[in-house]
Amino acid sequence: MKQTEPLTSGPMQGASGAILAGWISRGELARELGLTEDTLRRWEDRRIGPVCVRAGRRVYYRRTAVQDWLAAQEAAKQARGRGHR
């Protein structure tokens, strides 16, 4: 019996399939950034963190949106004259 490989892979692959490809959960983002989920929750409330979406009680972030947000933080810091050389 031949097994077939999934069309996509990644941390969000599995029961949800490819529909969540390119998205990351709040817990995963917190681990990657070295933050707590509570910090990301506060940022969402204050609208200062990366843009997120809700699916029921779950919160997801588009990886590209997080990368764009990080780049914007870097640009803002450099514009204020505090960038690293």
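Trp43 is partly exposed, with a relative accessible area of 21%, whereas Trp69 is buried at 15%; buried denotes under 20% relative accessible area, exposed over 50%, and partly exposed the range in between (1.4 Å probe, protein chains only).

The model is predicted, with local features requiring pLDDT of at least 70 and side-chain atom pairs counting only at pLDDT 80 or more, while totals for chains, interfaces and linings use all residues. Residues are numbered from 1 along each chain as its sequence is written, and side-chain values use heavy atoms, with hydrogens and water left out.

The protein comprises 3 helices and 3 strands, assigned as DSSP runs numbered from the N terminus (helices: H or I, at least four residues; strands: E, at least two). Their order from the N terminus is β-α-α-β-β-α. Of the 85 residues, 25% count as buried. The accessible surface comes to about 6900 Å², of which carbon and sulfur atoms contribute 50%; areas were computed by the Shrake-Rupley method with a 1.4 Å probe, and for residues only the protein chains shown count as cover. Among contacts (heavy atoms within 4.5 Å) with a separation of 6 or more, 41% join residues 24 or more positions apart.

Helix 1 spans residues 26-33 and includes the buried residues Arg26, Gly27, Glu28, Leu29 and Ala30. The buried residues of this helix pack against strand 1 (23-25), helix 2 (37-46), strand 2 (53-55), strand 3 (58-62) and helix 3 (63-79). Just after helix 1, Gly34 adopts a positive phi of about 70°.

Side chains of opposite charge can pair when their charged atoms come close. With a salt bridge defined as a side-chain nitrogen of Lys or Arg within 4 Å of a carboxyl oxygen of Asp or Glu, the count comes to 5 salt bridges. One of these joins Glu32 and Arg63, whose closest N and O atoms are 2.9 Å apart. Glu32 lies in helix 1 and Arg63 in helix 3, so the pair ties together parts that are 31 residues apart in sequence. Glu32 is exposed, at 51% relative accessible area, and Arg63 is partly exposed, at 29%.

A further salt bridge is formed between Arg41 and Asp38, with the closest N and O atoms 2.5 Å apart. These residues are 3 positions apart in helix 2 and are thus separated by about one helical turn.

Glu44 is partly exposed, with a relative accessible area of 23%, while Arg54 is exposed, at 51%. Arg26, Glu44 and Arg54 are linked in a network of salt bridges; Arg26 is one of the buried residues of helix 1.
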